[in-house]
Amino acid sequence: MLGRRHGKRRRTTTVPDSGLTGPVDIPDAPPQDQPKGLRERLSRMRTAVSGTVRGLPKVARLTWQASPFLTIAIALVTLLSGLLPTVTAYIAKLLLDSVVAAIQGHGSKNAIVQVAAMQFGVLALTAISSSLTTMAQGLLQERMTLTIRHQVMAHASELHLAYFEGSTSYDMLRQAAQEAPTRPLTMMTSALGLVRTTITFASMIALLIAISPLLALVALIAPIPAFISQSKYGSRAFWMSFMLSPIRRRMDYLSSLVTTDTYAKETKLFGLGPYFVDRFRKLGQVNYERQRKLTVNRNVSSTSWGLLSTFAGSAIALYIALEAVGGRLTLGDLALYTAAATSVQTSVSGLFTAFSGMYENNLYIDTLYRFLGTKPEIVAPPEPRSLPSTVEGHIEFESVSFSYPGSDERALDGVSFEIRPGETVAVVGRNGAGKSTLFKLLCRLYDPTGGRILLDGVDIREFDPVELRRRISAMFQDYVTYQGTAAENIGLGDLARLEDRPHIEESARRAGASDRIEQLSNGYDSPLGRWFDQGVSLSGGEWQKIALARAFQREAPILVLDEPTSALDAQAEHDLFSRLRELAEGRTTLYISHRFSTVRQAERILLLEHGKVAEYGTHEQLMAAKAGYAELFTLQAQAYLDEIPG
Ligand SMILES: Nc1ncnc2c1ncn2[C@@H]1O[C@H](COP(=O)(O)OP(=O)(O)OP(=O)(O)O)[C@@H](O)[C@H]1O
């Protein structure tokens with residue numbers, strides 16, 4: 001599954017899908033994707049700004065939902081800390097001026113002490129506000145992560161199966177679950193950082209204007225070259241990260257092939273380890289080279305342009321120094337300007353960094369909201385029909401067709417048949433004939449693209465899907481092996497009886513799992529799976545019996561089993577089918593099997609071929625018809641009979 005998904009994601013690049021073979025490089029950015037001139041860069045920036053600004057209210061709402069108190073605290077502290085650098089610089093100027101005045105004999109020590117006390121106050125406030133910010137951010141992060149993970153889980157549990165099976169939506173879900181929980185706070189912090197820097201910036205400029213409007217203007221203009229270079233490389237960095245993400249994904253995949261227990265057996269068997277490691281190394285090298293070029297270019301460029309700004313700053317500092325010597329400005333003004341010019345310069349680059357961080361985080365948050373905005377496709381109708389607790393189990397398929405989302409092929413094509421209440425039907429057919437699909441439609445994991453399915457004469461879409469599924473006990477081919485105790489593994493089949501031990505033991509007995517469970521050191525309380533220190537590793541067949549027991553745990557009027565004995569030994573299979581008669585008593589039962597010895601025990605047999613019903617009837621009828629079923633049956637029987645002497 002993992003492999004298939006990784007494959008599908010990579011259509012946008014020229015690299016072969018899986019990354020397991022082929023060139024280990026990524027193409028250069030196509031020219032149309034790189035902004036050409038300053039105007040285009042500015043227009044891109046405008047789009048980015050408006051998108052990001054639109055994202056802000058959502059983030060603010062999320063933060064507020066997580067904790068109104070902490071949100072207010074962070075906002076207040078941010079506003080305060082935006083003013084502090086300006087106040088600090090201004091106090092430094094006052095201190096210097098009062099020292100000079102005292103030296104020149106027309107000031108008092110008292111004034112110096114007063115300014116020094118003020119300076120202490122501001123510095124203390126700076127320290128307190130910074131530690132308050134750290135604390136509030138830490139707490140808010142915890143609460144927001146919890147809130148968002150909770151929302152993602154709750155929403156994912158509502159979504160239809162098809163959502164989980166598409167590669168694009170899978171990507172979205174993965175991002176929403178893994179990346180998004182930390183992003184809103186980072187975005188909020190960046191936004192507040194932006195506000196703080198803007199306040200510092202504006203107040204510094206105001207201070208400078210008070211000294212000299214010309215100086216304020218120069219201080220504003222000086223950082224522009226650095227800003228332009230930042231913007232150029234900033235957008236390249238986004239682009240690069242987009243281009244590199246397929247490479248990173250492939251690296252993750254290769255790494256998981258070598259480090260995950262489920263793959264380890266085969267990796268060793270085929271001697272694939274060194275090959276995968278080598279591919280990983282080569283991809284890593286490409287990744288690093290691209291990053292290195294960008295990082296070096298970005299830094300060389302921003303340093304050179306930055307030097308220009310530094311030069312302008314120094315020239316003005318010199319001008320002020322000369323003005324101070326001439327007595328037109330004070331020494332304090334000189335100190336203030338130097339502090340302000342530096343601060344304005346760092347503010348400009350701070351503004352950019354904060355904004356580019358916000359832009360990136362907003363992309364993740366956008367994904368989160370797109371995910372949370374995805375509507376579940378299989379929902380209850382506005383006024384669902386009520387289902388009696390004991391449905392009869394009369395099932396009818398009426399010209400049912402179905403294609404999987406994104407596929408043109410019909411997995412089911414005009415399928416019509418009827419199962420009488422309490423009847424047992426075996427569904428047979430070659431691989432890919434549509435058997436499992438039929439079961440998925442019956443459980444309403446998908447809706448037919450054509451035709452309808454009736455339960456006791458009512459279209460199943462008229463029921464609440466949750467209610468409908470309560471009437472069905474099912475086991476699919478790819479059943480889950482829960483990392484939990486044996487009792488939990490079975491109990492999860494019916495939440496209402498999760499802790500009903502006698503019932504769980506009875507379900508295990510029905511599935512033929514009880515003997516093995518009772519042998520375990522802690523019986524039903526033994527942990528199964530490798531997550532536990534003393535977890536028991538069961539064999540494939542033993543796990544299948546547990547999964548069967550889980551299906552039997554729910555005593556529903558319809559029983560649906562997809563290859564229930566594929567991993568069972570001959571004896572266990574025989575025992576199960578002997579018991580199935582008793583288990584199927586009074587229930588409509590459908591099972592898929594490739595073993596004709598078990599298939600013939602069903603009351604009726606449905607043969608599917610290429611998504612269509614080819615034959616439907618009793619074993620005797622289908623054998624007498626001497627068509628597809630008879631052929632398959634004879635083929636399998638022959639293989640055994642040939643071996644029987646005489
Ligand atoms: N999740 C899916 N998305 C897209 N196509 C699918 C999906 N699951 C199955 N298919 C396609 O639908 C067709 C029918 O598959 P289905 O699983 O119903 O076959 P089956 O008869 O149960 O086969 P098998 O005996 O191998 O279990 C196949 O061609 C398969 O490729």
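1. Two strands count as paired if DSSP finds at least two bridges between them. Strands (E, at least two residues) and helices (H or I, at least four) are DSSP runs, numbered from the N terminus.

2. This is a predicted model: local features need pLDDT of at least 70, side-chain atom pairs count only at pLDDT 80 or more, and totals for chains, interfaces and linings use all residues. Residues are numbered from 1 along each chain as its sequence is written.

3. Start with the open sheet. Its four strands follow the order E2-E1-E4-E5, and the pairing is antiparallel. Strand E2 (412-419) and strand E5 (458-459) form the edges, each pairing on one side only.

4. Within that sheet, look at E1 and E4. Strand E1 (residues 395-402) runs antiparallel to strand E4 (residues 450-455), and five bridges join them.

5. Next, helix H13. The helix spans residues 435-442 and is mostly covered, with seven of its eight residues buried (20 or more other C-beta atoms within 10 Å of the residue's own, C-beta atoms being placed from the backbone; exposed is 12 or fewer, partly exposed in between). The buried set is Lys435, Thr437, Leu438, Phe439, Lys440, Leu441 and Leu442. Check the backbone at Arg444: just after H13, this residue takes a positive phi of about 55°.

6. Last, the hairpin of E9 and E10. Strand E9 (residues 604-609) and strand E10 (residues 612-617) are antiparallel and share five bridges. Leu606 stands opposite Tyr616 in E10. Two residues lie between the strands, and His610 takes a positive phi near 45°.
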